[in-house]
Amino acid sequence: MIEANNYCHQSRDRHIVIIGNGIAGVTCARTIRKKDHHAKITLISGESAHFFSRTALMYLYMGHMKYENIKPYEDFFWQKNRFTLIQDWVTQINYSEKRLFLDQSSPISYDILIVSTGSIPKKIGIEGEDLMGVQGFYGLQDLEKMEAKTRAIKHATVVGGGLIGIELCEMLRSRDISVTFLVKDAHFWGSVLPEEEGMMADRHIREHGVDLRLNTSLERIEGSSDGKVQNIITDKNETISTQFVGMAIGVTPNVSFLKGGDLSLNDGVLIDSYFCTNIKDVFAIGDCAEFKENPGVNRKNIEQVWYTGRMHGETLGYNLTADRALPYKPGVWFNSAKFFDIEYQTYGFVPAASREGVHHFYWEHPGGKVGFRMTFDKHTQALLGANSMGMRLSHPFFDKAIKNGWKINKVMSRLVEADFDPEFFESHINEILKAYNRRFGTQISHQKPSFWQRLTGTSI
Amino acid sequence: MKYLQYLGLALFVGGLVLFSLVPFIGEFTLSREIAQEKLKPEHSELLKQLSPMYGVTYPNQVAFVSDFNDYFNAYNEELKAEEKWDEVIYEDYAFSLTKASGHGPVQEYTVLFFVAALLLPILGALMYILPLHRKEPPGIKNDGIYFSSMKNRGWLGILTGAYLIAFYVILYWYAEYLTNLTVLVDGISKFLSGQPASQWFLYGLLYTLAILVMGIRMFRRYRGNPYQIIRTYSVMFFQLAFAFIIPEILVLLNMPWHDFKNIWPLDYDFFFDYRIEGMLGSGSLGMFMLVWGIILIILGVPLFTYFYGKRWYCSWVCGCGGLAETLGDPFRHLSDKSLKAWKIERYMVHGVLVFAVVMTGFTIWNYFSGFGLLGDATGMLHQWYGFLIGAAFAGVVGTGFYPFMGNRVWCRFGCPLAAYLGIVQRFKSRFRITTNGGQCISCGNCSTYCEMGIDVKWYAQRGQHIVRASCVGCGICSAVCPRGVLKLENKGEKGRINEHPIIIGNDSIKVEK
Ligand SMILES: Cc1cc2nc3c(=O)[nH]c(=O)nc-3n(C[C@H](O)[C@H](O)[C@H](O)COP(=O)(O)OP(=O)(O)OC[C@H]3O[C@@H](n4cnc5c(N)ncnc54)[C@H](O)[C@@H]3O)c2cc1C
Ligand code: SF4
Ligand code: SF4
């Protein structure tokens with residue numbers, strides 16, 4: 001705990017400037033505004049005037065939505081909450097004078113500065129990466145570029161078997177562009193998904209007509225004389241002629257404009273568990289922040305997902321307006337994604353590879369599109385984590401079960417409560433239970449819902 | 001497959017064009033015999049007035065109707081000038097006389113026209129629909145919706161909307177121009193009810209066909225989503241059986257036309273004297289109609305809505321809902337999600353409810369006080385409600401505006417029954433859309449595809465359950481959510497409304513949203 005006065009600048013009309021209007025920066029601004037009605041709050045972003053949902057960018061390309069639809073708040077929201085919005089790029093920061101320099105507009109002074117500049121796509125550093133038609137996918141400008149470069153093309157290549165990679169495949173397939181998908185690992189998203197889930201994803205990716213190449217990486221890219229991408233060459237020395245290359249090998253904190261300054265950086269902006277950087281009144285949150293120390297067991301120092309950005313923003317916003325600042329303590333890990341049509345959810349600790357002391361229970365539907373996994377402590381039988389593919393699980397249920405270390409037998413006996421699939425969907429709980437009983441020799445069963453419960457549709 | 005689909009599309013469009021031309025085919029000749037047969041005995045004076053038309057062959061019905069209206073109006077004007085108020089004719093003879101006077105290819109080759117202008121477009125539509133998504137795995141099929149001219153207010157959408165609006169306007173107020181179309185379906189009508197087809201029969205048939213054909217489209221589109229499929233079966237069944245076949249059979253049995261699933265105040269004339277008298281004059285079945293209708297209003301609506309939410313009616317049973325969920329499905333994302341639209345919606349829909357209640361109150365009072373009091377005022381109210389709400393809003397705007405403002409314009413802004421169901425749903429129901437902890441990524445799919453214009457993500461992203469009067473429980477928000485965040489369910493009332501949610505996942509602090 002840190003007393004407010006030691007934590008940050010305190011004055012009635014303090015000016016809080018936030019660089020980046022993503023989920024981290026905006027959540028922070030909103031949380032501050034709830035308690036502090038006087039502070040002047042400014043949000044700066046070069047990318048867009050208003051906050052939009054980065055996670056929904058793919059749907060613009062696919063024609064599911066238009067830009068207006070992916071703004072989490074209506075435009076009047078900003079003025080109503082007295083947030084000043086500036087669309088411009090910050091080029092330089094003078095920390096001793098507490099001043100920001102912008103690309104187009106005049107400099108701004110701040111009392112408190114929050115860096116939430118997100119990420120940028122990683123580069124491999126191979127030949128041909130700068131050719132026309134080769135690009136990463138992170139922001140609105142990337143989307144525009146992709147829109148222009150994929151118009152009327154026949155074939156595209158996606159490099160990198162992670163979430164953005166598979167999204168790129170889905171986007172391109174929605175426009176009937178044939179896609180070759182290069183994945184370095186033995187199955188899709190090998191760093192996160194256990195084999196069974198990974199293979200299910202592989203099958204489904206192929207079902208959508210993607211030419212999936214596992215255990216394959218990109219060697220170099222060849223261009224035509226006018227600088228356009230023409231071929232890619234893989235590490236297996238295959239040459240594939242292509243007109244677009246989507247690079248999705250990961251993201252890295254967007255901190256290049258901070259380099260060479262006084263702010264201490266590693267990959268991201270280095271922070272302690274209070275989001276404090278090495279400079280007083282300068283904080284960092286979201287994708288661009290790097291904890292000096294692990295924020296929790298089995299957590300990473302840089303976590304580039306939506307939910308952590310939100311929690312960072314929430315916690316820092318609370319700290320900046322509280323009498324005492326509290327350290328960031330993330331709860332049970334959770335995340336979700338969708339691989340074409342298969343939804344994926346994960347809770348707690350589910351390692352991709354086998355680990356000492358961690359046991360797995362996995363069930364898969366014979367159709368091969370639904371799967372459920374639990375991990376538990378070998379000795380205590382306590383639930384450690386869960387994965388689901390093609391079925392929806394209740395977040396509150398697993399949050400509670402993992403946090404309280406429920407034994408897996410207890411989890412199983414109450415699994416109906418975790419079913420979050422829509423009404424009338426085939427329930428998989430009984431099949432999972434059967435498989436569980438078979439494997440562990442238990443006889444756990446669920447009470448059948450009464451006629452009345454079934455009639456009124458009350459599940460529990 | 002692609003070619004089959006193109007062929008289907010061609011058949012559909014071709015058939016639709018023919019359908020639109022049918023009213024202009026053939027000639028029209030009135031004879032004294034026809035007039036004598038169609039006019040009520042008390043109006044035999046009119047026979048003389050119309051005599052210049054006898055034997056004259058008009059090349060099309062526009063000319064015919066124009067002449068008829070001239071003679072008819074002249075006659076009425078005369079009576080008015082002479083202040084013979086009780087002889088003025090209010091009956092609508094234009095439709096029946098025009099229909100009886102038509103002759104030509106449509107009357108001679110009715111079956112052929114029936115096949116070409118009605119069956120072929122249906123066949124074409126099915127040829128287009130059945131192969132849809134055949135090679136694709138089940139999943140959300142929203143690709144390219146915002147690039148589509150039809151679905152994103154492009155010229156095709158505008159054309160479709162304009163066509164629908166024009167069709168409705170003609171149907172409601174100028175049905176005498178559509179008589180040839182009713183000729184096509186006379187056979188079916190006579191088979192069901194023993195009566196020739198009126199414009200309302202034609203309308204009911206087209207309405208039912210639209211729900212059935214586009215319902216099949218729903219099966220293709222939402223393959224793998226049992227909630228959508230079962231719900232679609234339900235609306236198809238209720239439309240076909242309750243709104244179309246049973247009422248016609250009642251007519252065959254000399255009973256008043258009655259839709260047993262229609263509920264006041266959507267069924268706004270339920271308490272009008274002619275309806276009450278119709279029911280009271282139809283023996284025990286008529287008595288049942290009356291009692292059943294009242295039970296639905298005072299018991300059915302609150303009870304079912306308590307257990308299931310208003311969806312039990314709006315997206316499982318109702319005819320307007322049925323059309324919206326099938327024919328209107330391609331347009332659901334066009335609803336306005338702004339806070340402003342929500343404000344307007346609340347004023348309008350509750351305003352219509354008040355209007356309907358006041359009007360019905362007057363009607364019932366009048367009924368018991370022997371029509372002496374307020375007779376004229378009630379008549380005026382009936383007329384205005386029928387014109388503004390019953391025809392213009394529910395009909396023309398309700399369907400014609402699909403391609404402009406989404407498929408639930410009427411349900412959202414105008415339906416008094418939806419308002420009533422909504423009040424129950426908001427304040428006393430077990431139905432809610434549960435938000436799954438902190439899994440929302442604010443992507444906006446749910447809000448975009450909510451036909452009622454509910455900004456679902458506004459709730460989901462702050463971890464709040466969605467409890468809204470207007471939610472019709474279509475379940476699409478849950479279907480399109482890529483992160484499995486939304487679940488429609490009926491559960492205990494405890495914890496249903498959480499206005500100060502805390503998103504789980506962050507153990508540092510607890511911040512109310
Ligand atoms: C395609 C895609 C899909 C994703 N899908 C998911 C998902 O499904 N689930 C999930 O959990 N996560 C997902 N993520 C990750 C998630 O979007 C990010 O973790 C999250 O958006 C990071 O939020 P942030 O606020 O830290 O930064 P950002 O959202 O990146 O916001 C930072 C903003 O700061 C601006 N900025 C940067 N530098 C400057 C400067 N110098 N001057 C002015 N402005 C500047 C940037 O332009 C940007 O607008 C996805 C990411 C991408 C790219
Ligand atoms: S909130 Fe969901 S279920 Fe309710 S009307 Fe909107 S889309 Fe349908
Ligand atoms: S569709 Fe799902 S993830 Fe997207 S905003 Fe709605 S609830 Fe959130």
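What distance separates the centres of domain 1 of chain A and domain 3 of chain A, taken over C-alpha atoms? In this predicted model, local features need pLDDT of at least 70 and side-chain atom pairs count only at pLDDT 80 or more, whereas totals for chains, interfaces and linings use all residues. Residues are numbered from 1 along each chain as its sequence is written, chains are lettered from A and ligands numbered from 1 in the order in which they are written, and side-chain values use heavy atoms, with hydrogens and water left out.

Chain A comprises domain 1 (7-120 + 252-319), domain 2 (134-249) and domain 3 (334-456), with bounds that come from an automatic or database domain assignment. The centres of domain 1 and domain 3 of chain A lie 36 Å apart. Contact between these two domains (heavy atoms within 4.5 Å) involves five residues of domain 1 and four residues of domain 3. A:N298, A:V305 and A:Y307 contribute 80% of the area that domain 1 buries against domain 3, more than any other three residues. The buried area, which is the accessible area (1.4 Å probe) that two parts lose on being put together, summed over both, is about 420 Å² for this pair of domains, and 58% of it is on carbon and sulfur atoms.

By class, the side of domain 1 of chain A that touches domain 3 of chain A has three nonpolar, one polar and one charged residues. In this classification, Ala, Val, Leu, Ile, Met, Phe, Trp, Tyr, Cys and Pro count as nonpolar, Asp, Glu, Lys and Arg as charged, and the others, Gly among them, as polar.
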